[in-house]
Amino acid sequence: MAIKSGSNTRASLARSLRSALARAATERPIHRWLVKNPLVLSAPVEGVAYPNHVVSAFKFGTDFVADFVGVGAYSGGISVHLVELEPPGSALFTRRGFPARRLNEAITQIGEWRRFIETQRDVVVRELAKA
């Protein structure tokens, strides 16, 4: 599903996001908030020559779904950012400073995405074209 950018200011978006994060026990409410406020996700691809495109629940291959994909075009090609959400209250690190379980799972998932994209680039490009 393609998402259009709203007209909220950065300050009001920041306040709204902080409020959503404080109330959310899972990633689903944050996902819904981001669908309504895609400007937050377009920031990583800001500065491209053409408008950004943010898509929710981007499926690629038969096994993968990113919570979001942000795409921005520029003269040299496109910039693509896949986003995986985790519950806002999840610890990033253990008390001993090691990546916590959810962070490890996210890192593993992103590694799987990267390997798939490197070996199946044409499949991902076709899926992006349909998004």
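Modeller: The lining of the second largest pocket divides into eight nonpolar, one polar and three charged residues (Ala, Val, Leu, Ile, Met, Phe, Trp, Tyr, Cys and Pro count as nonpolar, Asp, Glu, Lys and Arg as charged, and the others, Gly among them, as polar). The model is predicted: local features need pLDDT of at least 70 and side-chain atom pairs count only at pLDDT 80 or more, while totals for chains, interfaces and linings use all residues. Residues are numbered from 1 along each chain as its sequence is written, and side-chain values use heavy atoms, with hydrogens and water left out.

The residues that line this second pocket are Leu21, Glu84, Leu85, Glu86, Pro87, Pro88, Ser90, Ala91, Leu92, Arg102, Leu103 and Ala106. A pocket here is an open set of points on a 1 Å grid over the protein atoms alone, where a 1.4 Å probe fits, with protein on both sides within 12 Å along at least five of seven lines; lining residues have an atom within 4 Å of a point. Helix 4 gives the most to this lining, with three residues (a helix is a DSSP run of H or I of at least four residues, a strand a run of E of at least two, both numbered from the N terminus). The second largest pocket holds about 210 Å³ of space, a volume being the space filled by probe spheres set on the points, which are joined across faces, edges and corners.

For the largest pocket, the volume is about 420 Å³. Of its 14 lining residues, Val80, His81, Leu82, Ile117 and Val124 are the closest to its centre. Strand 4 (77–83), helix 4 (101–119) and helix 5 (121–130) each supply at least two residues of that lining, which has nine nonpolar, two polar and three charged residues.
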